[in-house]
Amino acid sequence: MSRILIIEDEEAIADLEKDYLELSGFEVEIKNRGDEGLSTALSEEFDLIVLDLMLPGVDGFEICKKIREEKNIPIIMVSAKKDDIDKIRGLGLGADDYMTKPFSPSELVARVKAHMARYDRLVGSNAKNNDIIEIRGIRIDKTARRVTVDGVEKAFTGKEFDLLTFLAENPNHVYTKEELFREIWDMDSIGDIATVTVHIKKIREKIEYDSAKPQYIETIWGVGYRFKV
Ligand code: CA
């Protein structure tokens with residue numbers, strides 16, 4: 001059974017989310033404090049985390065960052081303020097999705113299911129092939145979802161990893177931002193194609209010697225990007 005961790009200090013909201021998710025067949029654990037949520041997220045195995053932004057102890061920004069340093073599982077961040085969502089999205093903390101409160105519990109369930117299916121697909125298909133992609137100094141281990149550049153491991157968020165892997169698996173093919181957005185962010189309602197540009201920039205900072213003169217991910221002006229081999 002898939003396990004979900006809800007880190008949310010408003011108990012009524014947390015309980016409602018838990019009820020709906022349990023009805024959909026998930027096992028759910030709630031933590032009402034940020035510090036407790038963070039230690040539980042890091043010490044136990046979960047398949048997805050629903051993370052509130054404003055929390056006592058440690059806030060959602062910090063929790064998302066800390067989890068991302070160690071795990072690639074989907075994180076859905078929720079906040080009562082639309083402005084906060086825009087802000088955290090801009091920070092590129094590595095959350096997979098963002099929701100503004102109040103939202104309907106069934107909307108949450110739908111998104112949870114979509115992210116889990118997507119994650120299973122990635123992890124599952126990669127486990128079968130036990131795939132390792134090696135292109136010059138870059139080594140992408142799809143099973144472990146780890147990337148090394150000249151032997152040095154680099155931390156990637158879930159979406160950065162997905163985007164890099166997709167491009168590396170389809171080298172020399174030019175993709176438009178729209179195509180990449182559809183491929184990697186399959187929930188139409190979230191974000192926009194500027195997200196692709198932001199993620200490409202982050203990836204380049206990690207894999208390129210000089211981001212201004214990229215050797216791997218090339219910008220084809222007016223068209224999009226390609227992974228050069
Ligand atoms: Ca809160």
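Predicted model: local features only at pLDDT ≥ 70, side-chain atom pairs only at ≥ 80, totals over all residues.
Residues are numbered from 1 along each chain as its sequence is written, and side-chain values use heavy atoms, without hydrogens or water.

The calcium ion has three kinds of entry in its protein donor list: Asp9 (OD), Asp52 (OD) and Met54 (O). These donors lie 2.1 to 2.3 Å from the ion. Donors are N, O and S atoms within 2.8 Å of a metal, or 3.2 Å for Na, K and Ca. Water is not among the atoms, so sites may look incomplete. Along the chain the donors follow the spacing D-x42-D-x1-M. Asp52 is buried, at 3% relative accessible area. Met54 is exposed, at 54%. Here buried means under 20% relative accessible area, exposed over 50%, and partly exposed in between, with a 1.4 Å probe and protein chains only.

Leu51 belongs to strand β3 (residues 48-52). Strands (E, at least two residues) and helices (H or I, at least four) are DSSP runs numbered from the N terminus. Leu51 has 0% relative accessibility and counts as buried. Beyond residues up to four places away in sequence, Leu51 touches Ile7, Gly60, Ile63, Cys64, Ile75, Ile76, Met77 and Val78. Contact means heavy atoms within 4.5 Å. Glu27 is 24 residues from Leu51 in sequence, with 16 Å between their C-alpha atoms.

Gly57 sits in the loop between β3 and α3. Gly57 is exposed, with 57% relative accessible area. Outside the four places on either side in sequence, Gly57 touches Arg33 and Asp35. Its C-alpha atom is 9.7 Å from that of Leu38, 19 residues away along the chain.

Leu38 is one of the buried residues of helix α2 (residues 34-43). The buried residues of α2 pack against β1 (3-7), β2 (27-31), β3 and α3 (60-70).

An open sheet of four strands has the order β6-β7-β8-β9, with antiparallel pairing. Its edge strands are β6 (132-135) and β9 (152-154), each pairing on one side only. The twist averages 20 degrees from one strand to the next. Two strands pair if DSSP finds at least two bridges between them. Strands β7 (residues 138-141) and β8 (residues 146-149) pair in the antiparallel sense over four bridges. In β8, Val149 is the bridge partner of Ile138. Helix α6 (residues 158-169) lies across β6, β7 and β8, at about 110 degrees to β7. Axes are lines fitted to C-alpha atoms, for helices over the stretch in contact, and angles run from 0 to 180 degrees between N-to-C directions.

The largest nonpolar core has 26 residues. A nonpolar core is a set of buried Ala, Val, Leu, Ile, Met, Phe, Trp, Tyr and Cys residues joined through side-chain atoms within 4.5 Å. Leu164, Ile207, Ile217 and Phe227 touch the most other members. At least two residues of this core come from each of β6, β7, β8, α6, α7 (177-184), α8 (194-207) and β12 (224-227). Helix α6 gives the largest share, six residues. Another core, of 23 residues, lies apart from it and includes Ile49, Ile67, Ala95 and Tyr98. Leaving aside neighbours within four places in sequence, the contacts of Phe227 include Ile135, Ile138, Leu164, Leu167 and Asn172.

Asn172 lies in the loop between α6 and β10 (175-176). Its phi is positive, about 65 degrees, although Asn172 is not a glycine. Asn172 is partly exposed, at 41% relative accessibility. Asp150, in the loop between β8 and β9, also has a positive phi, of about 50 degrees. Asp150 is partly exposed, at 46%. A cis peptide bond joins Lys101 and Pro102, with omega about 0 degrees. Pro102 is in the loop between β5 (97-100) and α5 (105-129). Most residues other than glycine have a negative phi, and most peptide bonds are trans.
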